[in-house]
Amino acid sequence: MRRSEGDLVNIIDGAVRLEDLVEREALGELCRSFFVLFGIGVRIFSSAGALLAEAANEQAICALVGKEAAGRVACSETVGDVKALVPDSEDVVHPCFTGAQYRVCRVVYEGRYVGRLVIGPYLPIFVREPPTSLLAVIPQGDSEAIKFSLLQMPKAKIDTVARIATHLKSALDLILFSGHRALLSSQMHLASAREGYRALEEKNVALQETYEQLKELDRLKSNFLATVSHELRTPLTSIIGYSEMLGEGLVGTLTDEQSEYVRTIRSKGEQLLGLILSLLDLTKLDMGSMHLQRRRIAIRSVLEEAVSSVKPQALKRTVSLVLEQRGALSDTHGDPERLRQVFINLIDNAIKFTPQGGTVSVIVNEIDVRPSVPEETPGFALLAASKRAIEVRVADTGIGIPQRERSRVFDAFYQVDSSSTREFGGAGLGLSIVKRLVDAHEGGIRIEDNTPSGTIFVVELPSMGDAT
Ligand SMILES: Nc1ncnc2c1ncn2[C@@H]1O[C@H](COP(=O)(O)OP(=O)(O)OP(=O)(O)O)[C@@H](O)[C@H]1O
Ligand SMILES: [Mg+2]
């Protein structure tokens, strides 16, 4: 049964309809059980006169009358009258020309008229002979046969029928009450679900708008960063270039103090340039405008170059730096420039966060990668072919990264300890670039403990599987 909001208002207001309150099936069941019990037909009509349920059989006398034209007319007149009868308050007994009767009862729910109940036809027990009104419509009929048919009709005392009608109305009232209650609660449920859904929809729209605004803001921020970084790079390159010329004495000899100042200008300039280049990379990665020049490469040579370019930092901090290859290695498919950047960042961090006398090891080998198994298909693991990957582990014996920080260190500008900028330099951009670059190579990166102290960054890159 589908209802509109208007129906709900009606139901709550009390303007209910019989057919809305009770399933026709339940009304039919009520009529049938009444009919089985008393043998008298019963029909239930809506307030608008529609038949909602009935249980009755054709009476022998009705069949007999139906054979005569005058009988059919008289019959349909009676039925029409009964159907149209709307009792004011009390039940109305309507006579049939056959001598039988119909009892028409008003069905009221919570003081409102909701439909009618028609009980009959039944023969009042005082009728023992066919009345003249019956004989008049079957003028040629065999009077004995007519009487016989008439007396087959269920017989009842008028006050018994009145009592039965009262019981029937009470039973109907009970059904209406529980139907009304169920209907109200289901409608309330529906209304609250609808309201919840509407509120959710509104929130969704607001959320979508906010998301679009944020996306736009993010795009503007990336554009701004890209422009600013680009504009800063050119003058900065000049500053570094001129300080280099000054330092090399190309424009005259400098005093020791002047040389010291020029060296500071140059090193701060280079630091700033590094930051600007990182920002440029990040914005390019965010905007999807960084294009990798991927080709078949040997990871070993990339790692050697990365190690040798950070060697001076390791020497300066007296941290030993080792590169170790375990077993034969296949080539990988990547952009050597960008992969070098990945490992320089990781090794640079490892050196930076390792105290003097510590060790940073770069270990490379080739491994089998088990495909991730969907929970619902455990057998999948047996069928899926395992893949080969180049695994690079950058392990240090430094301060380590607490478990809860491991997913956050890949966020841009995130540093575990904000004082690290002052102590070690850097802006917290390195790992965010590393993560995006590794992802762009269809690789993965994770952090492990290096017991008893330190961190291991594990990078996996796709292997071309051609190791010999
Ligand atoms: N090997 C490591 N050991 C301990 N902490 C680390 C290590 N590598 C990274 N971290 C932590 O993760 C943070 C983020 O690293 P990330 O490389 O992104 O930034 P950064 O090194 O501080 O600055 P930048 O790389 O921009 O110069 C670091 O500040 C540090 O707190
Ligand atoms: Mg870093």
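Predicted model: local features only at pLDDT ≥ 70, side-chain atom pairs only at ≥ 80, totals over all residues.

Reader: Let us begin with the rings. How many aromatic pairs does the structure hold?

Author: There are two aromatic pairs. In the pair of Phe34 and Phe38, the ring centres are 5.1 Å apart and the planes meet at 55 degrees, so this pair is called tilted. The label edge-to-face is kept for planes over 60 degrees apart.

Reader: Where do Phe34 and Phe38 lie?

Author: Both are in helix 3, which covers residues 24–38. They sit four residues apart, about one turn of the helix.

Reader: Is Phe34 buried or exposed?

Author: Here you compare the relative accessible area with a cut-off: under 20% means buried. Phe34 has 4% relative accessibility and therefore counts as buried. Phe38, with 37%, is partly exposed.

Reader: And how are the rings of Phe410 and Phe457 placed?

Author: Their centres are 6.3 Å apart and their planes stand at 85 degrees, so this pair is edge-to-face. Phe410 belongs to the loop between strand 11 (387–396) and helix 13 (420–424), while Phe457 is in strand 13 (residues 455–462), so the pair ties together parts that are 47 residues apart in sequence. Phe410 and Phe457 are both buried.

Reader: Now the ligand. Which residues are the closest to ligand 1?

Author: Ligand 1 is surrounded by 21 residues, and the closest are Asn349, Lys352, Gln415, Leu429 and Leu431. Asn349 places a polar side-chain atom 2.8 Å from an oxygen atom of the ligand. Leu429 also comes to 2.8 Å from a ligand oxygen atom, but with a backbone N or O atom. A polar backbone atom of Ala427 is 3.2 Å from an oxygen atom of ligand 1.

Reader: How much of ligand 1 does the protein cover?

Author: On its own, ligand 1 has 600 Å² of accessible area, and the protein covers 94% of that. Helix 11 (336–352), helix 14 (430–440) and strand 13 are the elements that give two or more residues to the shell around the ligand. Helix 11 supplies the largest share, three residues.

Reader: What kinds of residues make up the shell around ligand 1?

Author: The shell has 11 nonpolar residues, eight polar ones and two charged ones.

Reader: Next, the cysteines. How many disulfides does a search of the whole structure find?

Author: The search finds zero. To check such a result yourself, look at the distance between sulfur atoms: a disulfide needs them within 2.5 Å. For Cys75, the nearest cysteine sulfur is that of Cys62, 5.8 Å away, and Cys75 is in no disulfide. Cys75 is partly exposed, at 31% relative accessibility.

Reader: What about phi? What value does it have in Glu110?

Author: Phi of Glu110 is near 50 degrees, a positive value in a residue other than glycine. Glu110 is in the loop between strand 4 (101–109) and strand 5, and it is exposed, with a relative accessible area of 58%. Glu442 is not a glycine either, and has a positive phi of about 60 degrees. Its place is the loop between helix 14 and strand 12, and Glu442 is exposed at 60%.

Reader: One last spot, please. Where is the place of Ser330?

Author: Ser330 is in the loop between strand 8 (320–326) and strand 9 (332–334). With 2% relative accessibility, Ser330 counts as buried. A polar atom of the Ser330 side chain lies 3.0 Å from the backbone nitrogen of Asp466.

Key:
Residues numbered from 1 in each chain as written. Chains lettered and ligands numbered in written order. Heavy atoms only, no water. Phe/Tyr/Trp six-rings, centres within 6.5 Å; stacked < 30°, edge-to-face > 60°. Buried < 20%, exposed > 50% of the residue type's maximum accessible area, 1.4 Å probe, protein only. Near = heavy atom within 4 Å. Polar contact = N/O pair within 3.5 Å; in protein donor to acceptor, adjacent residues only side chain to side chain. Areas by Shrake-Rupley, 256 points an atom, 1.4 Å probe, with all protein chains shown as cover. Nonpolar A, V, L, I, M, F, W, Y, C, P; charged D, E, K, R; others polar.
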